[in-house]
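The sequence and structure are shown first.

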Amino acid sequence: MVTSFFVLQLLFLAPFAALALDFHVVKPHELAFGARHRSATGGHGHRNRLSLSLFHRDALPGRNFSGHRHRLDRLLERDSRRVATLTRRLSAARYHVDDFGSEVVSGLEEGSGEYFVRVGVGVPPRDQYLVVDSGSDIVWIQCQPCSQCYAQSEPVFDPAESASFAGVPCGSPICGLLLSGASAAAGCRAGDCRYAVSYGDGSSTKGTLALETLTFGTSAVRDVAIGCGHSNRGLFVGAAGVLGLGWGPMSFVGQLGGQAGGAFSYCLVSRGSDAPTGSLVFGRTAAVPVGAVWVPLLRNLRAPSFYYVRLLGLGVGGVRLPVLEDVFQLSEEGEGGVVMDTGTAVTRLPDAAYAALRDAFGAATAGLPRAPGVSIFDTCYSLLGYQSVRVPTVSFYFAGDTILTLPARNLLIPVNDMATFCFAFAPSSSGLSIMGNIQQEGIQITFDAANGFVGFGPNTC
């Protein structure tokens, strides 16, 4: 039955569909969100390498859903807040360079952290879940004494029980770096360097800056500058704080410097994969793979923490679409552009680019039974009873003649328990494009921040 659909499609559809297209074979049951809950281990370390297991928030203990629609609704609520804040913060019309002194350049919204790592804090190490945020430069955790703290999975960290905790005085160069940077508001009180980070939706953290030891398996990193938050608001799904991996000097990778060679990589485990977790690796030797394809990173001086890439176009079925490169351009004023973000789930594209992508994908799947749109998704399919279907490939065309063709699992997302699946892309409400984590799943992604490149592959997970 499925084969006959596509014979008809190739014979009778628009000229685009008559081309010899490249297809994936997708098994709908393999696209289901995994329900595995795993016990967490912090990670492991070797010389010049730090490695952690990377957990999706829905794999953490205590995360239960009544079905795919319940899970989807929660995901899209988080996604909407994240995208709204990214758009607001990266809008040149609203923000100016000096505005970033009072608000962290991060897309993290209340409850919107999508991926977590397990890190030992202090000596002896106390394991804590931290949200991984590729758009933030601050590492922080909740600390005792806590005048205001949200609920987290483990006891709140008590600096008095750590032999390695050391407050940062106002005159310290580290405090000066925080004061001069674009990551957070900072100031002095009673000789202590203090910080304050607001995430734009009412969630925030305030406290003192300190130097502390962070442990990854058997490897300890000493004297990491962290925020010790004594007044914190937000719903971070039990996480104790944030591990900022942004492009600034106060992020964790920025602080590692020569220890990591300015490089880190991650692989977000795919839905339906047998792998229980993804991975996050620091260290040039381990994180920068041989055989990756490399794309230049772009720096937005208005939002220096974010990783922008130069996307030139899109393709469906191996055929490049007639979308102008200007649609994806980062302007001199800091508007538009394409951000790679671990905290946004669904890739957002400007209207013209999204419409071209959707129409081409829809033309190539005209033989599949359609279903009504769901929430932000307007291209959906009813695949009840299908063991497998063919869908066209989707590719990103980057600067440097680099083409990234997405894995088959990264194109459709289940939206209910009746085998309805939707095309996992959405239009952007602005000129900003965001490459979300659904489209990043299963691909080893490497940021060589020291040299200004992002790499894709060659490994998968």
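## Salt bridges

A salt bridge is counted here when a side-chain nitrogen of Lys or Arg lies within 4 Å of a carboxyl oxygen of Asp or Glu. The model is predicted, and the structure holds six salt bridges.

One of the six is formed by Glu30 and Arg409. The closest N and O atoms of Glu30 and Arg409 are 3.7 Å apart. Glu30 belongs to the loop between β1 (23-26) and β2 (43-46), and Arg409 to the loop between β25 and β26, so the pair ties together parts that lie 379 residues apart in sequence.

## The four-stranded sheet

Four strands make up an open sheet in the order β18-β17-β24-β25, and their pairing is antiparallel. The edges are β18 (319-320) and β25 (402-405); each has a single partner strand, so one side of each is left without a neighbour in the sheet.

Strands β17 (residues 311-316) and β24 (residues 394-398) are antiparallel and are joined by five bridges. Across this pair, Leu311 stands opposite Phe398 in β24. Helix α7 (residues 351-364) packs on the sheet and touches both β17 and β24. The direction of α7 makes about 20° with that of β17.

## Pairings of β27

Strand β27 (residues 420-423) is joined to β22 (residues 380-382) by three bridges, with the two strands antiparallel. Cys380 stands opposite Cys422 in β27.

Three bridges also join β27 to β26 (residues 412-414), again in an antiparallel arrangement. Here Leu412 is opposite Phe423 of β27. β26 and β27 form a hairpin with five residues between them, and Ala419 in the turn has a positive phi of about 60°.

## The second largest cavity

How many cavities of 30 Å³ or more does a search of the whole structure find? The search finds three.

By residue class, the lining divides into seven nonpolar, two polar and one charged.

Technical notes. Residues are numbered from 1 along each chain as its sequence is written. This is a predicted model: local features need pLDDT of at least 70, side-chain atom pairs count only at pLDDT 80 or more; totals for chains, interfaces and linings use all residues. Side-chain values use heavy atoms; hydrogens and water are left out. Two strands pair if DSSP finds at least two bridges between them. Contact means heavy atoms within 4.5 Å. Axes are lines fitted to C-alpha atoms, for helices over the stretch in contact, and angles run from 0 to 180 degrees between N-to-C directions. On a 1 Å grid over the protein atoms alone, a cavity is a set of points where a 1.4 Å probe fits but cannot get out, and a pocket is an open set with protein on both sides within 12 Å along at least five of seven lines; lining residues have an atom within 4 Å of a point. Grid points are joined across faces, edges and corners, and a volume is the space filled by probe spheres set on the points. Ala, Val, Leu, Ile, Met, Phe, Trp, Tyr, Cys and Pro count as nonpolar, Asp, Glu, Lys and Arg as charged, and the others, Gly among them, as polar.
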